[in-house]
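Take a look at the model below. The walk-through starts with confidence and then turns to packing.

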Amino acid sequence: MIEKIKKEIINSIDSLLRYAIVMVGNEEDAKDLVQETCYKALKNMNSLDENSNVKAWLFTIMRNLWINQRKRSQISPVQLDETIEDVCDEWNINPEELLINNEVRQILMRALNELPDAYREILVLRYFEDFSYNEISKILNCPVGTVMSRLNRAREKLKETFLKIYEKKQ
């Protein structure tokens, strides 16, 4: 059981780092947050039972650590930067498509960055990390219905923000 948890922690590090970058806004602080999350997880792994979702548990630990850090330091809202693009998937398209996609992606990241934390966080968990509604519910410690409604509002707000930015560029 312990070895299985350790293996799942190691396999989740890249996902944790992507999530941390979105939450804290820079790679160095994100790496520190991932390290602290793994340390806390290893220290408390005996509290898990055999059927626990280790990845969701790790994201919950990270989110709680981030919230505590934020309360302590009163950090200003996070701004996503180019770092997230380095972590995201690789593009395999021709240069013209790449240029168009890169512009759309920059607008999308800018729009995502302008959303309130709660909306940005839930979109990242669902679409960057591919968590289910139930897993997001556990990570955010809220009912599944709240996840669904918040996700719907987040998508609408993202669409609205994206279109405003896109129309200004035209």
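What follows covers confidence, a ring cluster and one serine.

This is a predicted model: local features need pLDDT of at least 70, side-chain atom pairs count only at pLDDT 80 or more, and totals for chains, interfaces and linings use all residues. Residues are numbered from 1 along each chain as its sequence is written, and side-chain values use heavy atoms, with hydrogens and water left out.

The mean pLDDT (the predictor's confidence in each residue, from 0 to 100) is 82. Of the residues, 84% reach 70 or more. Helices here are DSSP runs (H or I, at least four residues), numbered from the N terminus. Over residues 82–88, pLDDT stays under 50. Where pLDDT is low, the predicted coordinates should not be read in detail.

Now the rings. The whole structure holds three aromatic pairs (Phe, Tyr or Trp, its six-membered ring, with centres within 6.5 Å; planes under 30 degrees apart are stacked, over 60 edge-to-face, the rest tilted). One of them joins Tyr 19 and Phe 59, tilted, at 5.0 Å and 45°. Tyr 19 sits in helix 1 and Phe 59 in helix 3, 40 residues apart. Ring pairs link Tyr 19, Phe 59 and Phe 131 into a cluster.

Finally, Ser 137 lies in helix 7 (residues 133–140). Ser 137 counts as buried because its relative accessibility is 13%.

Terms used: Helix = DSSP H or I, 4+ residues; strand = E, 2+ residues; numbered from the N terminus. Buried < 20%, exposed > 50% of the residue type's maximum accessible area, 1.4 Å probe, protein only. Contact = heavy atoms within 4.5 Å.
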